[in-house]
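Dear colleague,

I am handing over the structure we spoke about, and my notes on it follow below. Please read them with the model open beside you.

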Amino acid sequence: MCLICQRIDQIKSGDNPYFVRELDTGYVVIGDHQYFEGYTLFLAKEHVTELHHLHPSVKLRFLEEMSLVQEAVSKAFSAQKMNVELLGNGDAHLHWHLFPRRRGDMNGHGLKGCGPVWWVPFEEMTAETCQAKTDEIKRLVKRLSSEVDKLLEIKE
């Protein structure tokens, strides 16, 4: 079983502290590491490796929901810019990475402290000091959940 499927099973059993919200096509979770405060993932409910593997109606809904989650992350964590990535090279299960960005958040990496998230060495981004602690996870989940709820109310 893939890592993301395992995380989804933890959500279903109530054992995933990073879980924020279930949507029609996926699950919103706070990232394990918080080098970029508010780093969030949107995990597809279906275990597929590529966006084009989804049924067209599901694909469109998944993209719509990702956009909603991206907006919620931006608002919840006061992003100046959002970086959104759909990679899947490491975990071959469709999922989005949502990084709220702020001026100077690269801590010396990149040109004038700016650049794509992958300019931060993986070991630094996922270091023990960047791992979200229990109280921080609860705070991040609450902030993001509130913004997702607001956007869903507006949409309805």
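**Aromatic cluster and ring contacts**

Y35, F36, Y39 and F99 are linked into a cluster by ring pairs, where rings of Phe, Tyr and Trp (its six-membered ring) pair if their centres lie within 6.5 Å, and where planes under 30 degrees apart count as stacked, over 60 as edge-to-face and the rest as tilted. Please bear in mind that this is a predicted model, in which local features need pLDDT of at least 70 and side-chain atom pairs count only at pLDDT 80 or more, while totals for chains, interfaces and linings use all residues. Residues are numbered from 1 along each chain as its sequence is written, and side-chain values use heavy atoms, with hydrogens and water left out.

The structure holds six aromatic pairs. In the pair of F36 and F99 the ring centres are 5.8 Å apart and the planes stand at 85°, so this pair is edge-to-face. The pair links distant parts of the chain, since F36 is in the loop between β2 and β3 and F99 is in strand β5, 63 residues apart; helices (H or I, at least four residues) and strands (E, at least two) are DSSP runs, numbered from the N terminus. F36 counts as buried at 1% relative accessibility, and F99 counts as buried at 4%, with buried meaning under 20% relative accessible area, exposed over 50% and partly exposed in between (1.4 Å probe, protein chains only).

E124 touches Y35, H109 and C130, not counting residues up to four places away in sequence, contact meaning heavy atoms within 4.5 Å. E124 and Y35 are 89 residues apart in sequence and 8.3 Å apart in space, C-alpha to C-alpha, and E124 is partly exposed, with a relative accessible area of 30%.

**Charged pairs**

The structure holds 11 salt bridges, each being a side-chain nitrogen of Lys or Arg within 4 Å of a carboxyl oxygen of Asp or Glu. In one of them, K45 pairs with E22, and the closest N and O atoms are 2.7 Å apart. K45 lies in the loop between β3 and α2 (56-76) and E22 in strand β1, so the pair ties together parts that are 23 residues apart in sequence. Both ends count as partly exposed, K45 at 31% relative accessibility and E22 at 41%. K45 also lies over the face of Y27, at 5.5 Å from the ring centre; a charge sits over a ring if NZ of Lys or CZ of Arg is within 6 Å of the ring centre and within 35 degrees of the ring normal.

Within helix α2, R61 and E64 lie three residues apart, about one turn of the helix, and their side chains meet in a salt bridge (2.7 Å, N to O). R61 counts as partly exposed at 24% relative accessibility, as does E64 with a relative accessible area of 37%. Salt bridges that share partners join D24, R61, E64 and E65 into one network. A further salt bridge joins D105 and R101 (2.8 Å, N to O), and both of these residues are buried.

**Helices and turns**

In helix α1 (residues 3-12), I4, C5, I8 and I11 are buried. They cover an arc of only 110° around the axis, which puts them on the same side of α1, the arc being that of the directions from the helix axis to the C-beta atoms. Among the elements that cover these buried residues are β1 (19-22), β2 (26-30), β3 (40-44) and β5 (95-101). Just after α1, G14 takes a positive phi of about 80°.

S78, although not a glycine, has a positive phi of about 50°. S78 lies in the loop between α2 and β4 (81-85), and at 52% relative accessibility S78 counts as exposed.

In helix α4 (residues 134-155) we find E147, which counts as buried at 14% relative accessibility. Leaving aside neighbours within four places in sequence, E147 is in contact with A72, K75 and A76.
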